[in-house]
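The following paragraphs lead through one protein chain, beginning with a single residue and its contacts and moving from there to the wider architecture. Please keep the sequence and the model in view while reading.

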Amino acid sequence: MAVEIPTKQTAAWIKNPGPDYELLIRNDIDVGVPSPQEILVKLEYSGICHSDCHNVIGQGKYTDIPGHEGVGIVVQLGSEADPNLLGKRVGIKWQWSNCKTCAACKKGQHNHCPNQGNTGRTVRGTLQQYILARADCVTMIPEGVPSEVAAPLLCAGLSLAGAVSRLEPEVKPGEWVAIVGAGGGLGHIGVQIASNKGYKVIAIDGGEEKKKLCKDMGAETFVDFTKVDVVETVKSLTDDEGAHAVICVAGSEKAYEQAVMLVRNTGVFVVVGLPPLTFMFPMSPLPIANRGLIIKGSSVGTNEQMDDLLQQVLAGKITPRIEVYDFEDSPKIIAELLRYEVTGRKVVKAPQ
């Protein structure tokens, strides 16, 4: 497969990360050359995630090119990469690499590897034409799954597949699961995953558009935080005890402060959304102990969950709500995400 690879490419580049950031569309960014264990992928589509906002506002250590939901074609191989990968369509996830030697990796829980590299955080992200990836960490995209549909599943879908799996073994089908931030890019897929598993989902978000999306995804009921008292409403739906589990997808401090009040005694609270690093979990050890609460963290799911998610798409069981935009719209989408204005998932088509 002979493909002419340019030396320069188009990318979304962060200038001055912080409150006064600029996200520029530049055409003079170098195209990387794969090291022995790497491959070069010509991207077709990239999802844009609220986590990419951490890049632009300089919240922690991130790279100057955001994005971690990319699908494209392998066009060049490092010397040690599997030659069968050339020409294949692959997905590039948040987890860019893992060590394979730590306790988590040895248990097959590569998603919790303490030595992992991350797309957009430790290496440049997917908002570019060409991206370097670790050959052993990409996901094969099955024929029949459109690239623009697969892209948001690589983070939004996988994150919620992982989060919903953390409800087990305590929460049973038929029990109440409240998802805070249910109408966003991650949340709406979580509603569908949880509903498919037989949980009764209380979708919590704001606005008629997000209400319709959550109901379409299978939510039992929708609670609009802009119109009602969320805590009282959730309790009224759950015999005045609270949900059996809460998955907090929203990353705002206010969302977390409210979400801890939605779970019943002995319930499960799954942490997904990423508030600022200075924000601590808004409940002291005393009520956690007295109420017998179970708190679990979930960043992304496993490789096996990723493959299963793609098979569910093929079977028509998972249908992420996406809107496709031109690459030049990336700065506008990031700005909308910062204002929490995005329903579902927005995907950009990579420059060709």
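Leaving aside neighbours within four places in sequence, Asp30 is in contact with Thr7, Lys8 and Gln9, where contact means heavy atoms within 4.5 Å. Asp30 belongs to strand 2, residues 22-30, and with Lys8 it forms a pair that is 22 residues apart in sequence but 4.6 Å apart in space, C-alpha to C-alpha. With a relative accessible area of 46%, Asp30 is partly exposed; on this scale buried means under 20% relative accessible area, exposed means over 50%, and partly exposed lies in between, with a 1.4 Å probe and protein chains only. The model is a predicted one, in which local features need pLDDT of at least 70 and side-chain atom pairs count only at pLDDT 80 or more, while totals for chains, interfaces and linings use all residues. Residues are numbered from 1 along each chain as its sequence is written, and side-chain values use heavy atoms, with hydrogens and water left out.

An unreviewed UniProt entry carries the annotation "domain: Enoyl reductase (ER)" for residues 18-348; UniProt positions are given here in the numbering used for the model, feature names are shortened, and such annotations may be inferred rather than shown by experiment. Over residues 18-348 the chain is 27% helix and 26% strand, with the end C-alpha atoms 23 Å apart. Helices (H or I, at least four residues) and strands (E, at least two) are DSSP runs, numbered from the N terminus.

Within this range, helix 4 (residues 187-196) is largely enclosed by the rest of the structure, because nine of its ten residues are buried. The buried residues are Gly187, His188, Ile189, Gly190, Val191, Gln192, Ile193, Ala194 and Ser195. What do the buried residues of helix 4 pack against? Their partners are helix 3 (147-165), strand 10 (176-180), strand 11 (200-205), helix 5 (208-216), helix 9 (303-314) and strand 17 (345-349). Just after helix 4, Gly198 takes a positive phi of about 95°.

A search of the whole structure finds two cavities of 30 Å³ or more. On a 1 Å grid over the protein atoms alone, a cavity is a set of points where a 1.4 Å probe fits but cannot get out, and lining residues have an atom within 4 Å of a point; grid points are joined across faces, edges and corners, and a volume is the space filled by probe spheres set on the points. The largest cavity has a volume of about 90 Å³ and is lined by 13 residues, of which Gln95, Asn111, Gly301, Thr302 and Asn303 lie nearest its centre. Helix 3 and helix 9 are the elements that give two or more residues to this lining. The second largest cavity holds about 30 Å³ of space, and its lining consists of Ile92, Lys93, Gln95, Trp96, Ala133, Arg134, Cys137 and Val138. Here strand 6 (95-97) and strand 8 (130-134) are the elements that contribute two or more residues.

Some features of the backbone remain. Most residues other than glycine have a negative phi, and most peptide bonds are trans. The peptide bond from Glu168 to Pro169, however, is cis, with omega near 5°, and Pro169 lies in the loop between helix 3 and strand 10. Lys100, in the loop between strand 6 and helix 2 (103-106), has a positive phi near 70° and is partly exposed at 39% relative accessibility. Tyr340 has a positive phi near 55°; this residue is in the loop between helix 10 (330-338) and strand 17 and counts as partly exposed at 45% relative accessibility.

Note on methods. On a 1 Å grid over the protein atoms alone, a cavity is a set of points where a 1.4 Å probe fits but cannot get out, and a pocket is an open set with protein on both sides within 12 Å along at least five of seven lines; lining residues have an atom within 4 Å of a point.
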